Amino acid sequence: MRVLVVATTPEWTPGTRLIGSVAAGLAARGDVVALACASRSATERAVEHAWPRLSVRSVTGSGWFGQAMSVRGIVTALRPDALLVGSEADAVLAALAMGKRGGIVRRFAVDEREGLTSARDETLPWRARFALSRAVITPWGQRTLAVGWPQHTTQTTDDAREEVPRLPVVSPHIVLVPAMEHDEITAAALRAVAHLRTRHPDLRLSLVGDSAAMQATRLHAAALDLSAIVQVVPADALLHHELNDTSHVTSMAWVAAGGDAGALSTLAAMQQSLPVVVPQQAPFAELVVPGVTGFHVGTDNGVAVVSDLARLLSDADTQHRMGRAASARAARAFGWDAFVDHAADLLARAGGVARTRITRRPSLTPA
């Protein structure tokens, strides 16, 4: 199967990162894959760095029409069976480029509204109506959570983990994934951490993300007298399973971010055998089973779970049990290979081609 993945968003976001990972995953399973992204953008540079063997095509042109003509040229040259896109704007570009020649699979972000069931729905933006009228667009993730993340290549097996002695929790450590812009959900999490510190004076807190983008969150932490225990770690440390080593042991993860960033962070933490706290109203809250793999917390009552978390921070066995349950659930229900195979199945059906036989090549799997 020949697949073109279109990701023209210039910013390297969790959503574009996931689309790039799917492209590399499809290539690893034996499909012929190319990824089209905006020329000289952060996305293009990041893809070339993360997957240097993945075929990358630059989308040039000024404005929407220029980009559309560029994508059409790429489609004409590659003649893909199907296209994979991750946004409405890219779906329109793909529809104009493909016409009636093939199908398009659009992956919906985890916090996007459901709908887009009819091309004649007058409530839809004109671009969506135009896209649906030009080609068959198969939605991926409108009504079920369509998100996954590659397992770490050096992750140990459950048997190997059992052979390693479980060290007592001496210094409790919470990893907090804040919202991109400081909001009440993040504020509630910080207030809960401040309460936990009264019970665990040696508590440490890591904020995941870009330091420059978290000024408001760091100021709030300072107002709660948390500056002495706060450090900032890059998102890749969580997404690429770099939080736990011999000198750096994490107790749990608290995810306050929404959308794809929150969902991917939750899965990454679960894969690293961490209990996870998530907002109960988040679309990805179903990832976490309360009391089994983590906890749900309301927008304004983060303090309500302090007692449960305080007990968990003091109990290494319970942390280990919940973390193992989280890891097993992530592998069973949201495994990366199954996620990519699902994408391949949707693309094959959309393009009207037979499914490609799987011959995964580890050198091309997502970084």
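Predicted model: local features only at pLDDT ≥ 70, side-chain atom pairs only at ≥ 80, totals over all residues.
Reader: Is Ser273 buried or exposed?

Author: Ser273 is buried, since its relative accessible area is 17% and the cut-off for buried is under 20%.

Reader: And what about Arg79, which also has a positive phi?

Author: The phi of Arg79 is about 50°, and Arg79 is not a glycine. Arg79 lies in the loop between H3 and E4. With a relative accessibility of 57%, Arg79 counts as exposed.

Reader: Good, now helix pairs. How should I read the packing of helix H10 (residues 259-271) with helix H12 (residues 316-333)?

Author: Two packed helices are described by the angle between their axes and the distance between the axes. For H10 and H12 the angle is about 120° and the axes are 7 Å apart. H10 and H12 are therefore oblique to each other.

Reader: Which residues meet in that pair?

Author: From H10, Leu267, Met270 and Gln271 meet Gly323, Ala326, Ser327, Arg329 and Ala330 of H12. Sorted by class, the contact of H10 with H12 has four nonpolar, three polar and one charged residues.

Reader: H12 also holds Ala316. Is Ala316 buried or exposed?

Author: Ala316 counts as buried, at 15% relative accessibility.

Reader: What does the contact of H3 with H4 consist of, by class?

Author: Begin with the residues themselves: Trp64, Gln67, Ala68, Met69, Val71, Arg72 and Val75 in H3 meet Ala89, Val92, Leu93, Leu96, Ala97 and Met98 in H4. They divide into 11 nonpolar, one polar and one charged.

Reader: Now a sheet. In what order do the six strands of the open sheet run?

Author: The order is E3-E2-E1-E4-E5-E6, and the pairing is parallel. Strand E3 (55-59) and strand E6 (137-140) stand at the edges with a single partner strand each, so one side of each has no neighbour in the sheet. From one strand to the next, the twist averages 25°.

Reader: How many bridges join E1 to E2?

Author: Six bridges join E1 to E2, and the two run parallel. Within that part of the sheet, Val6 stands opposite Ala36 in E2. On to the next pairing: strand E2 (residues 32-38) and E3 pair in the parallel sense over five bridges. There, Cys37 has Ser58 in E3 as its bridge partner.

Reader: How many of the residues of E2 are buried?

Author: Six of its seven residues are buried, so E2 is mostly covered. Helix H1 (residues 14-28) lies across E2, and also across strand E1 (2-7), strand E4 (82-85), strand E5 (103-107) and E6. H1 runs at about 160° to E2.

Reader: Could we look at one strand residue in detail? Which residues does Val175 touch?

Author: Val175 is found in strand E7 (residues 173-177). Leaving out residues up to four places away in sequence, Val175 touches Ser206, Val208, Leu243, Thr250, Met252, Ala253 and Trp254. Val175 counts as buried, at 0% relative accessibility.

Reader: To finish, the whole protein. How many helices and strands are there?

Author: The protein has 13 helices and 12 strands. Of its 367 residues, 52% are buried. Among the contacts with a separation of 6 or more, 70% are accounted for by residues 24 or more positions apart.

Notes: Residues numbered from 1 in each chain as written. Heavy atoms only, no water. Contact = heavy atoms within 4.5 Å. Helix = DSSP H or I, 4+ residues; strand = E, 2+ residues; numbered from the N terminus. Nonpolar A, V, L, I, M, F, W, Y, C, P; charged D, E, K, R; others polar. Pairing = 2+ DSSP bridges. Axes fitted to C-alpha atoms, helices over the stretch in contact; angles between N-to-C directions. Buried < 20%, exposed > 50% of the residue type's maximum accessible area, 1.4 Å probe, protein only. Parallel < 35°, antiparallel > 145°, perpendicular 65-115°, else oblique.
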